[in-house]
Amino acid sequence: MSLLQVRDLKVSYGGINAVKGINLEIHKGELVALIGANGAGKTTTLRALAGLEHPSGGTIHYQGHSIAHQPTHQLVKKGLVMVPEGRGIFGRLTVEENLYMGAYCYDDTSQIASDMHQVYARFPRLQERSHQAGGTLSGGEQQMLAIGRALMSRPQLLLLDEPSMGLAPLIVQKIFETIRDIAAEGVTILLVEQNAKLALENSHRGYVLESGLITLHDDAKSLLSNEKVRHAYLGE
Amino acid sequence: MNDLLTHWRKFKREPYAVWLGFALIGFALVLLPFATDAAMGRSWVRILDHTLLYIMLALGLNIVVGFAGLLDLGYVAFFAVGAYLYALLASPQFGLHLPFWTLLPLGALVACMFGVLLGAPTLRLRGDYLAIVTLGFGEIIRIFLNNLNAPVNITNGPQGLNMIDPIMLGDFSFSRTQQILGITFSSVHNYYYLFLALTLLIIFISIRLENSRIGRAWVAIREDEVAAQAMGINTRNVKLLAFAMGASFGGVSGGLFAGFQGFVSPESFHLTESIMVLCMVVLGGMGHIPGVILGAVLLSVLPEALRYIGPLEEALFGRVIVDPSDLRLLILGLAMVLIMLLRPAGLWPSPVQRREFAHHDKS
């Protein structure tokens, strides 16, 4: 059974159709990439899935239930968690306070403590800086914090918006290793990326979004060797 | 000397030292009106009463501006709602004389509703835009109060309402001189203790709110609203709650003001009052309860202290060269500019604010 099923999703901002009717399907345990150029509608799609935008048409089913008009805060409780564009770190709060905020929906202190422990085990760097203000971290550390904080929300489906944005290549590699690890541990992930090569190399399947429409979808490997994709997105 | 310091630090951490500190502060607060009366005269006890009302207002605005980061320039509207509610329901205007213990919660509740009324349409606004709408809201309330004397006379218009019932608890009238245990308590003393008790209650509520789940949600919204939503925070309700809570403190303060003064008019609820309360919050340290209290105390006492400039001028130059009331605003403005330049996070900032400014200094 698919974890997320999107049918004919449309999103428009004041007359401009950003997403013009797309179909997506994500199965439990998959790592799926949504790639496309600037302004193709990737972030809009993700925001609509997370409940931050109201779709103007189509349906979204998550775990078999329609969620197209549910507010974000209810989706988070159901395990649909997003790492927002630009990471959304609470700059003046410490690393630990940021992580703690991720567990806002929960009040079982022992489970929160154990989640926190796991995040620190995954990102020892965050533990070193646990009392530092989030805004003083480097870009890579902030991305770790954003992912760690999302993990504190106990995601079943994790939506990642441009995790590579503004980061050095070496750090990007590390972040993607982490993303693969998280997926291997059973968290389903939908990844939005401009860096198509990187995204496809690390995913099981991929969708290509072009001016609000899905033009291709296939196994990540096949997409990587697809003539059109190579030409348009891999610069070959 | 260093030895003494370490001893002092160790002492400060002892639990009995904390209680001793509280006891001393409590003792000082109880004696304060008598000491002030003896040293500076009764008018200064009245200033103390006003200071306590301002502390309540500043703590209320601190919830909206300091905790939730929503810039509200019309906060005095809730003070006005509280004051007029009390005045209308406990004066000869409609012949109603409801008792104080119903008026106080009612004032909080009605102000709370006005808070939601302001909050609901402005949920999508932030920063400058929110400031403009709240500014308008504050003015609308004042203008309404000023003009609701025709066709049906409700507020008595610019003349205001007078002969408002003094605050009574049972048979105890706060406006009369009372003899308790052989000590004479004049009206301003009575009100001082009543206001002090309610101020302490509001401080207690503020501290509990700050450390609650809702307090954390406010902080998240202040720092980054989209991220706050992504954490699973119902930003709409939490923002409305900030407006409502802040407004209810304003309403309580307003009701007390009406009963204390015995008279209200739209004049008292001018935009400058909103700005003054905002200055208290910003000057003291946004989002930091002790800082906000300090700001409120300074900004209510300082302008009064500057009244002595007139006599000082006369003593120095033989005549009054500059009108003291003009000079007061000038000196007040100058003091604020200086404080903001030297201590941009406020006089007594919260650790979170201190972090921000430390960060800016490094980069």
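Two strands pair if DSSP finds at least two bridges between them. With that in hand, here is a walk through the two chains.

## About the model

This is a predicted model, in which local features need pLDDT of at least 70 and side-chain atom pairs count only at pLDDT 80 or more, while totals for chains, interfaces and linings use all residues. Residues are numbered from 1 along each chain as its sequence is written, and chains are lettered from A and ligands numbered from 1 in the order in which they are written.

Helices (H or I, at least four residues) and strands (E, at least two) are DSSP runs, numbered from the N terminus.

## The antiparallel sheet of chain A

Let's start with an open sheet of 4 strands in chain A, ordered β2-β1-β4-β5 and paired antiparallel. The edges are held by β2 (16-27) and β5 (65-66), each with a single partner strand, so one side of each has no neighbour in the sheet. Strand β1 (residues 2-13) and strand β4 (residues 57-62) of chain A are antiparallel partners over 5 bridges. Within chain A, A:Lys10 stands opposite A:Gly57 in β4(A).

Helix α1 (residues 42-49) of chain A packs on this sheet, touching β1, β2 and β4 of chain A, and its direction makes about 65° with that of β2(A). Two residues are in contact if their C-beta atoms, placed from the backbone, lie within 7 Å. Axes are lines fitted to C-alpha atoms, for helices over the stretch in contact, and angles run from 0 to 180 degrees between N-to-C directions.

Strand β7 (residues 157-161) of chain A has 5 of its 5 residues buried, so it is largely enclosed by the rest of the structure. Here a residue is buried if 20 or more other C-beta atoms lie within 10 Å of its own, exposed if 12 or fewer, and partly exposed in between, with C-beta atoms placed from the backbone. In a regular strand the side chains alternate between the two faces of the sheet. Both faces of β7(A) are covered, with A:Leu157, A:Leu159 and A:Asp161 buried on one side and A:Leu158 and A:Leu160 buried on the other.

β7(A) pairs in the parallel sense with strand β6 (residues 80-83) of chain A over 4 bridges, and A:Val83 stands opposite A:Leu160. β7(A) also pairs in the parallel sense with strand β8 (residues 188-193) of chain A, over 5 bridges, where A:Asp161 stands opposite A:Val192. From β7(A) the chain crosses through helix α7 (residues 169-184) of chain A to β8(A) in a right-handed β-α-β crossover. Right-handed means that, with the strands pointing away from the viewer, the path from the first strand over the helix to the second runs clockwise.

## Two loop residues with positive phi

A:Arg87, in the loop between β6 and α3 of chain A, has a phi near 75°, a positive value in a residue other than glycine. A:Arg87 is buried, with 23 other C-beta atoms within 10 Å.

A:Glu162 is buried, with 22 other C-beta atoms within 10 Å.

## Helices of chain B

Helix α2 (residues 15-40) and helix α3 (residues 42-67) of chain B pack at an angle of about 145°, their axes 7 Å apart. Among the residues making this contact are B:Leu32 and B:Met40 of α2(B) and B:Trp44 and B:Leu48 of α3(B).

Helix α8 (residues 213-223) of chain B has 9 of its 11 residues buried, so it is largely enclosed by the rest of the structure. Its buried residues pack against α3 of chain A together with α3, α7 (187-210), α9 (225-230) and α10 (235-261) of chain B. In α10(B), 23 of the 27 residues are buried, so this helix too is largely enclosed by the rest of the structure. After α10(B) comes B:Gly262, with a positive phi near 75°.

## Where the chains meet

Finally, 21 residues of chain A are in contact with 18 residues of chain B. On the side of chain A that touches chain B, the elements giving two or more residues are α2 (72-77) and α3 (95-102) of chain A. The largest share, 4 residues, comes from α2(A).
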